[in-house]
Amino acid sequence: MTVYDHGKHDRVGYCWGPDPDHKQIVPPCLSSATFERVETGDFKAVEWFPPGSGIG
């Protein structure tokens, strides 16, 4: 997921694919372009990694 935080003009982008064994990890700084507009409010992104992911 990619977030462009620009006050009340935020945008987000996302992509995904099947990974039933949960073996694929996306490297840092590799993401999709922001193609969706946040319609209301001010979008906030918080970095969080699930326990056991080996990241963070």
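Predicted model: local features only at pLDDT ≥ 70, side-chain atom pairs only at ≥ 80, totals over all residues.
Reader: What makes Val 38 count as buried?

Author: The term buried requires a relative accessible area under 20%. Val 38 has a relative accessible area of 19%, and therefore Val 38 is buried.

Reader: Where does Val 38 lie, and with which residues is Val 38 in contact, leaving aside its neighbours within four places in sequence?

Author: Val 38 belongs to the segment that follows strand 3. With those neighbours left aside, the contacts of Val 38 are Asp 10, Arg 11, Val 12 and Phe 43. Contact here means heavy atoms within 4.5 Å. As for Gly 54, 16 residues away along the chain, its C-alpha atom is separated from that of Val 38 by 31 Å.

Reader: Why is Tyr 14 called partly exposed?

Author: Partly exposed covers what falls between buried, under 20%, and exposed, over 50%. Tyr 14 has a relative accessibility of 35%, so Tyr 14 is partly exposed. This residue is found in the loop between strand 2 (11–13) and strand 3 (36–37).

Reader: What makes Met 1, Tyr 14, Trp 16 and Phe 35 a patch on the surface?

Author: A residue of a patch must have over 30% relative accessible area and no salt bridge, and nonpolar side chains are joined within 5 Å. Together with Met 1, Trp 16 and Phe 35, Tyr 14 forms a nonpolar patch with about 550 Å² of accessible area.

Reader: Which strands stand at the edges, and why?

Author: The open sheet has 3 strands in the order 1-2-3, paired antiparallel. Strand 1 (2–4) and strand 3 each have a single partner strand, so one side of each is left without a neighbour in the sheet. The secondary structure of the protein chain comes to 0 helices and 3 strands.

Reader: How does the radius of gyration of the protein chain stand against that of a compact globule?

Author: A compact globule of 56 residues would have a radius of gyration near 10 Å, whereas the protein chain has 13 Å. The C-alpha trace spans about 35 × 20 × 20 Å along its principal axes. Of the 56 residues, 11% count as buried.

Definitions and conventions: Residues numbered from 1 in each chain as written. Heavy atoms only, no water. Patch = residues over 30% accessible without salt bridge, like charges linked within 9 Å, V, L, I, M, F, W, Y side chains within 5 Å. Areas by Shrake-Rupley, 256 points an atom, 1.4 Å probe, with all protein chains shown as cover. Salt bridge = Lys/Arg side-chain N within 4 Å of Asp/Glu carboxyl O. Helix = DSSP H or I, 4+ residues; strand = E, 2+ residues; numbered from the N terminus. Buried < 20%, exposed > 50% of the residue type's maximum accessible area, 1.4 Å probe, protein only. Pairing = 2+ DSSP bridges. Rg over C-alpha atoms; globule rule 2.2 N^0.38 Å.
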